[in-house]
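Hi,

Here is the structure I promised to pass on.

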Amino acid sequence: MKRYYQEEIETASREQIREWQSERLVKQVKHVWDNVPFYRKRMEEAGLTPDDIKSVDDLHKLPFITKDDLRDCYPTGLVAKPLSECVRIQSTSGTTGKRVVAFYTQHDIDLWEDCCARAIVAAGGTNEDVCQVSYGYGLFTGGSGLNGGSHKVGCLTLPMSSGNTERQIQFMTDLGSTIICCTPSYAAYLAESINERGVKDQIKLKAGIFGAEAWTEEMRHDIENQLGIKAYDIYGLTEISGPGVSFECEEQNGMHVNEDHFIAEVINPKTGEVLPDGEKGELVFSCITKEAFPLLRYRTRDICILSHEKCSCGRTHVRMTKPLGRSDDMLIVKGVNVFPSQIETVLLNKGYPANYQIIVDRVNNSDTIEVQVEMTAEMFSDNVGTISAKEKDLVDALKAMLGIYAKVKLVDPKTITRSEGKAVRVIDKRNLYKG
Ligand SMILES: [Zn+2]
């Protein structure tokens with residue numbers, strides 16, 4: 001079986017990768033200097049000209065780009081090619097502020113699809129596979145990115161888009177899908193629906209490629225067991241291209257960054273200092289091959305760790321942990337940093353399904369946090385005493401994990417709204433009072 005999509009690139013020596021990165025970075029800096037007034041101004045403010053960037057060692061000299069810069073430059077202020085040479089846009093949902101619009105030339109799309117193809121082959125995909133793409137299509141990058149990757153691998157591609165679970169399961173059984181690509185929360189929901197309908201023996205899935213939202217190892221095991229598949233993580237963001245910036249191999253231990261296209265750095269989010277391998281910090285990406293929307297040193301707000309340790313799969317590109325949190329998602333409750341993923345870990349460890357909601361509020365100037373969790377049908381009991389004992393058990397476990405008291409409310413099975421895209425896990429009512 002084919003193990004790599006682009007073997008020479010994916011298993012290149014570190015020296016070779018460094019050489020590609022240096023050469024492409026130098027070229028990219030000149031490209032943005034010549035074509036994007038925003039970059040030229042930023043570089044001039046930092047006292048830089050393109051001559052100051054001679055290799056990847058000089059990357060740290062360049063100023064960062066933030067989501068605020070993207071907002072200020074909306075919609076075309078960062079585009080480095082004439083619009084006549086661009087063939088597509090993709091966009092974020094804009095749920096946390098103004099939406100980001102990214103531009104692509106045909107060449108950009110081609111390289112992006114290569115990245116997604118690498119992820120599919122790493123998950124065991126070949127031209128014998130039937131690949132069901134159940135990410136949203138349209139402006140969202142998930143659907144079209146993996147659709148393109150699936151074509152490149154030669155899989156029979158099912159462009160399902162998200163939603164319509166009945167039809168998803170019907171195509172999955174009738175056409176024998178072997179790979180499914182969607183958000184992990186939708187995968188969990190599909191697994192639940194498949195088991196409810198008793199059609200698990202009719203599905204042929206062997207692998208899933210899940211991304212676009214945070215998920216835990218516990219959730220991975222849950223999905224793997226319920227569907228009888230291997231569940232692979234994929235990472236990306238619209239600003240940088242879309243899914244496929246990095247992807248998991250058979251090791252399932254960190255995602256290989258496609259370093260011939262993206263240079264990854266981890267920085268101290270407070271000082272901007274670049275941190276060594278193994279240290280936790282904010283992930284920063286520089287796009288060195290993109291033509292239309294080549295962000296350099298873009299701060300992702302994702303907190304993670306990089307590792308250059310050798311991987312048994314033979315790929316030599318650096319691995320990143322799945323984001324350990326997002327500075328955007330991080331809740332500060334009673335002065336303590338709380339990540340929704342920590343709460344999810346506790347729930348899944350205690351045997352609860354990943355159907356929960358976190359409600360943060362402020363009562364009498366004091367923060368409160370409540371976790372509403374669905375019971376499984378087996379746990380469901382009319383005995384009030386049993387339920388309060390279960391709630392108390394979760395309160396204790398959450399206190400041990402978070403260091404603060406969180407109220408727990410167990411709710412009846414199927415009462416928390418299911419999502420077909422990104423799950424809404426947190427309702428922060430404190431935001432409503434901000435004016
Ligand atoms: Zn690997």
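Helices here are DSSP runs of H or I with at least four residues, strands are runs of E with at least two, and both are numbered from the N terminus.

Before going on, a caveat: this is a predicted model, in which local features need pLDDT of at least 70, side-chain atom pairs count only at pLDDT 80 or more, and totals for chains, interfaces and linings use all residues. Residues are numbered from 1 along each chain as its sequence is written.

Back to that helix pair: T165, Q168 and I169 of α7 meet L190, S193, I194 and R197 of α8, where contact means C-beta atoms, placed from the backbone, within 7 Å. By class, this contact has 3 nonpolar, 3 polar and 1 charged residues (nonpolar: Ala, Val, Leu, Ile, Met, Phe, Trp, Tyr, Cys and Pro; charged: Asp, Glu, Lys and Arg; polar: the others, Gly among them).

Helices α5 (residues 106-122) and α6 (residues 141-153) also cross at roughly 70°, with axes that come within 7 Å. They are therefore roughly perpendicular as well. On the α5 side the contact includes W112, C116 and I120, and on the α6 side it includes L146, G149 and V153. Its residues divide into 9 nonpolar, 4 polar and 3 charged.

Now the domains. The protein chain is divided into domain 1 (1-326) and domain 2 (331-433), with bounds that come from an automatic or database domain assignment. Their centres, taken over C-alpha atoms, are separated by 30 Å. Across the boundary, 16 residues of domain 1 are in contact with 14 residues of domain 2. On the domain 1 side, α8 (184-197) and α9 (217-227) each supply at least two residues, and α8 gives the largest share, 4 residues. That side divides into 6 nonpolar, 7 polar and 3 charged residues.

The largest nonpolar core has 111 residues, of which I120, I209 and F285 touch the most other members. (A nonpolar core is a set of buried Ala, Val, Leu, Ile, Met, Phe, Trp, Tyr and Cys residues joined through C-beta atoms within 7 Å.) Helix α5 provides the largest share of this core, 8 residues. Leaving out residues up to four places away in sequence, F285 touches I240, V245, F262, I263, A264, Y298 and T300.

Finally, the backbone. Most residues other than glycine have a negative phi, and most peptide bonds are trans. Here are the exceptions I'd look at:

- The peptide bond from Y74 to P75 is cis, with omega near 0°; P75 is in the loop between α4 (67-72) and β1 (88-91).
- S161 has a positive phi, near 65°, and sits in the loop between β4 (156-158) and α7 (165-175). It counts as partly exposed because it has 19 C-beta neighbours inside 10 Å (20 or more is buried, 12 or fewer exposed, in between partly exposed, with C-beta atoms placed from the backbone).
- R297 has a positive phi of about 50° and lies in the loop between β11 (281-287) and β12 (298-304). With 20 C-beta neighbours inside 10 Å, R297 counts as buried.

Cheers

Note on methods. Contact = placed C-beta atoms within 7 Å. Axes fitted to C-alpha atoms, helices over the stretch in contact; angles between N-to-C directions. Parallel < 35°, antiparallel > 145°, perpendicular 65-115°, else oblique.
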